[in-house]
Amino acid sequence: MAEFNFKELVARAHFDYIGPVFTKWFENNKKAMVLPSLKNVFGSQLLGNKYFFTLKLKYGKQQFTFPNEPLIAVSLVKTIVETATVGKYRKGTVKEYINTEDYQLTIRGVCVNTEDYDSYPTDQVKELNDMFAVNDALEVVNNPFLELFQIRKIVLKEILLDEMQGQPNLQKYVIRAVSDQDFYADVTEKNNFLNS
């Protein structure tokens with residue numbers, strides 16, 4: 001049975017190139033190249049970085065697992081209105097914070113049939129399609145990385161099953177999602193507004 005390094009496979013599939021190891025250079029610089037432990041790390045320090053993690057989602061009694069530890073990237077955007085200032089000697093804009101939007105997640109991975117490396121990973125692709133067919137928020141199951149950002153539910157927005165030339169037994173995928181949280185209207189706020 002063939003052995004695979006799934007992390008290297010995913011990196012090669014999505015980023016096209018992994019450079020060779022430079023033994024002496026790496027020995028001197030490996031601290032800068034090693035991903036940090038998630039212990040004692042704040043979520044804001046990890047935004048924009050890519051990490052391999054097992055990702056499981058749940059909807060009702062159904063549980064879905066992304067194949068082979070996908071790469072997960074998390075980003076966050078603020079809505080800021082910029083208003084130009086008037087005057088010959090005043091430069092710049094006035095910034096007005098409106099809100100902070102949902103977290104944006106990009107999940108990249110590769111499906112591989114680990115039972116038979118020569119055949120297409122039909123079961124894994126079907127699970128991705130079944131997961132994407134859910135038109136509701138999916139609950140994140142025990143993921144310490146996403147918990148750093150208090151992301152407990154996500155909504156899948158887009159799926160891309162991309163080609164892999166010369167690799168008929170692999171299927172590269174990219175899924176874009178947004179965080180979701182329960183929204184509870186404040187009845188007292190509504191009553192105060194109606195009575196004013």
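Visitor: What makes the space of about 280 Å³ the second largest pocket, and how is such a volume defined?

Guide: A pocket is an open set of points, on a 1 Å grid over the protein atoms alone, where a 1.4 Å probe fits and where protein lies on both sides within 12 Å along at least five of seven lines. The volume is the space filled by probe spheres set on the points, which are joined across faces, edges and corners, and for the second largest pocket this comes to about 280 Å³. The model is predicted, with local features needing pLDDT of at least 70 and side-chain atom pairs pLDDT 80 or more, while totals for chains, interfaces and linings use all residues. Residues are numbered from 1 along each chain as its sequence is written, and side-chain values use heavy atoms, without hydrogens and water.

Visitor: Which residues of the lining lie nearest the centre of this pocket, and how does the lining divide by residue type?

Guide: The lining, meaning residues with an atom within 4 Å of a point, has 13 members, and Gln150, Ile151, Ser179, Asp180 and Gln181 lie nearest the centre. With Asp, Glu, Lys and Arg counted as charged, Ala, Val, Leu, Ile, Met, Phe, Trp, Tyr, Cys and Pro as nonpolar, and the others, Gly among them, as polar, the lining holds 6 charged, 4 polar and 3 nonpolar residues.

Visitor: Is Gln150 buried or exposed, and what is its phi?

Guide: Gln150, in the loop between H5 and E9, has a relative accessible area of 58%; buried means under 20%, exposed over 50% and partly exposed in between, with a 1.4 Å probe and protein chains only, so Gln150 is exposed. Its phi is about 55°, positive although Gln150 is not a glycine, whereas most residues other than glycine have a negative phi.

Visitor: How do you know whether Asn68 is buried or exposed?

Guide: Asn68 lies in the loop between E3 and E4 and has a relative accessible area of 16%, so it is buried; its phi, near 55°, is also positive in a residue other than glycine.

Visitor: What makes a set of residues a nonpolar core, and which members of the largest one touch the most others?

Guide: Such a core consists of buried Ala, Val, Leu, Ile, Met, Phe, Trp, Tyr and Cys residues joined through side-chain atoms within 4.5 Å. The largest has 26 residues, and Phe66, Val74, Leu105, Leu146 and Ile154 touch the most other members. Elements that each supply at least two residues include helix H4 (122-132), strand E9 (153-162) and strand E10 (170-180). Phe66, in the loop between strand E3 (62-65) and E4, counts as buried at 2% relative accessibility.

Visitor: What makes E9 and E10 paired strands?

Guide: Two strands pair if DSSP finds at least two bridges between them; E9 and E10 run antiparallel with 9 bridges, among them the one between Asp162 and Lys172.

Notes:
Helix = DSSP H or I, 4+ residues; strand = E, 2+ residues; numbered from the N terminus.
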